[in-house]
Amino acid sequence: MGVQGLLPFVSSASTEVSLEDYRGQTLACDASVWLHRGAISCARELAEGEPAVGFLRFPLRMIALLKRHGVRPLIVFDGGAMPMKARVDAARAADRESAKARGEFNKTVKITAAMTQQLIERLRQDGVEFVVAPFEADSQLAFLVQHGHAAAALTEDSDLLAYRCPSVLFKLSESGHARRITFAGLQHAQDSKGQLLFDGAWEGEWAAWEGGLFVAMCIMAGCDYLPSVPGVGVATAHKALRAGRTVERALAKLHSKRSGPPAPVAAEAYLLRALGL
DNA sequence: CGCTATCGGGCAT
DNA sequence: GTGACGATAGCG
């Protein structure tokens, strides 16, 4: 999931970069998407329990790509399941079951601990650094960049911005180019008319977004941890926060304007607590 | 109409 | 694991 619609919304703040720009530096790499993509190439074998090693090919190729450009990869694996994501995890398991019944194998792909272990073994042999996150890789990737252990995170997951990761590279291509979004660069993000999204509407606006409103916008638009407010995406959440200037007033505004069922009451309590309000 | 949200689905080889 | 992209639907 990630935050639906977030990347298009802030795409004006992204710039094209090359891996050459990171020569001699460390990139913290999200292993899960690489493993999933690799696993699609042998989805049937995996679904039917046949031995398969083809899923290693794609992640190893991406690592080779980084090394070819003089970049030091730090591979980050998902660790334990998040209790708060239990509902989402259960839904995905059910989806995999029904996909298997229909013979749609590439929708049944599930990265097992054994598969992760096989990749880790290769990384050990090849001298590639890695860490296993306590829970989800996302927050670990953000931590590594925030504390200077990596120059940027390399992922496909928009959640990295919600975690306030200072620098994120998306959509790495075979040519070694990617789109970079820095958290600080969001200050200059614009809408389609060239108007700033997070600054300029009032004195100190960017500081407010940086300090919590941006994260609130992401949560309101829908995350894996809370039932989202129906009919509210990134654009509506942004509008409400900009008009209200605080989470409380933005939520009140959405309530008064919206027809249909009110937001789940638990969502608000969690949101406010998550933001320390 | 214009804007926004949602749905289905590719990714690799 | 998440989401480009095009289509569709619901609202003001």
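Visitor: Hi! Which residues of H2 are buried?

Guide: Hello! This is a predicted model, and in it the buried residues of H2 are Ala 31, Trp 34, Leu 35, Gly 38 and Ala 39.

Visitor: Nice. And what covers the buried residues of H2?

Guide: The cover includes strands S2, S3 and S5, along with helices H3 (43–47), H4 (57–68) and H6 (113–126).

Visitor: Let's turn to the sheet. How many strands form it, and in what order?

Guide: Seven strands make up an open sheet with mixed pairing, and the order is S1-S7-S6-S5-S2-S3-S4. At the edges are S1 (15–18) and S4 (129–132), each of which pairs on one side only. On average, neighbouring strands are turned by 35 degrees against each other, direction ignored.

Visitor: Where does H2 touch that sheet?

Guide: H2, residues 31–40, packs on the sheet and touches S2, S3 (72–77) and S5. The direction of H2 makes about 55 degrees with that of S2.

Visitor: Do S2 and S5 run parallel or antiparallel?

Guide: Parallel: S2 (26–30) and S5 (152–154) are joined by three bridges. Across that pair, Cys 29 stands opposite Leu 154 in S5.

Visitor: Which helices each supply at least two residues of the surface near DNA strand B?

Guide: H2, H4 and H10 (234–244) do.

Visitor: And what lies close to a phosphate oxygen there?

Guide: A polar backbone atom of Gly 233 is 2.5 Å from a phosphate oxygen of DNA strand B. For Lys 239, a side-chain N or O atom is 3.5 Å from a phosphate oxygen. Arg 37 has a backbone N or O atom 3.3 Å from a sugar or linking oxygen of DNA strand B.

Visitor: One last thing: is Thr 108 buried or exposed?

Guide: Thr 108 counts as buried because its relative accessible area is 12%, under the 20% cut-off. This residue lies in the loop between H5 (86–101) and H6. Leaving out residues up to four places away in sequence, Thr 108 touches Ala 47, Arg 96, Ala 99 and Lys 100.

Methods:
Residues are numbered from 1 along each chain as its sequence is written. Chains are lettered from A and ligands numbered from 1 in the order in which they are written. This is a predicted model: local features need pLDDT of at least 70, side-chain atom pairs count only at pLDDT 80 or more; totals for chains, interfaces and linings use all residues. Side-chain values use heavy atoms; hydrogens and water are left out. Two strands pair if DSSP finds at least two bridges between them. Helices (H or I, at least four residues) and strands (E, at least two) are DSSP runs, numbered from the N terminus. Axes are lines fitted to C-alpha atoms, for helices over the stretch in contact, and angles run from 0 to 180 degrees between N-to-C directions. Contact means heavy atoms within 4.5 Å. Buried means under 20% relative accessible area, exposed over 50%, partly exposed in between (1.4 Å probe, protein chains only). A polar contact is a pair of N or O atoms within 3.5 Å; within protein, one must be able to donate a hydrogen and the other to accept it, and residues adjacent in sequence count only if both atoms are side-chain atoms.
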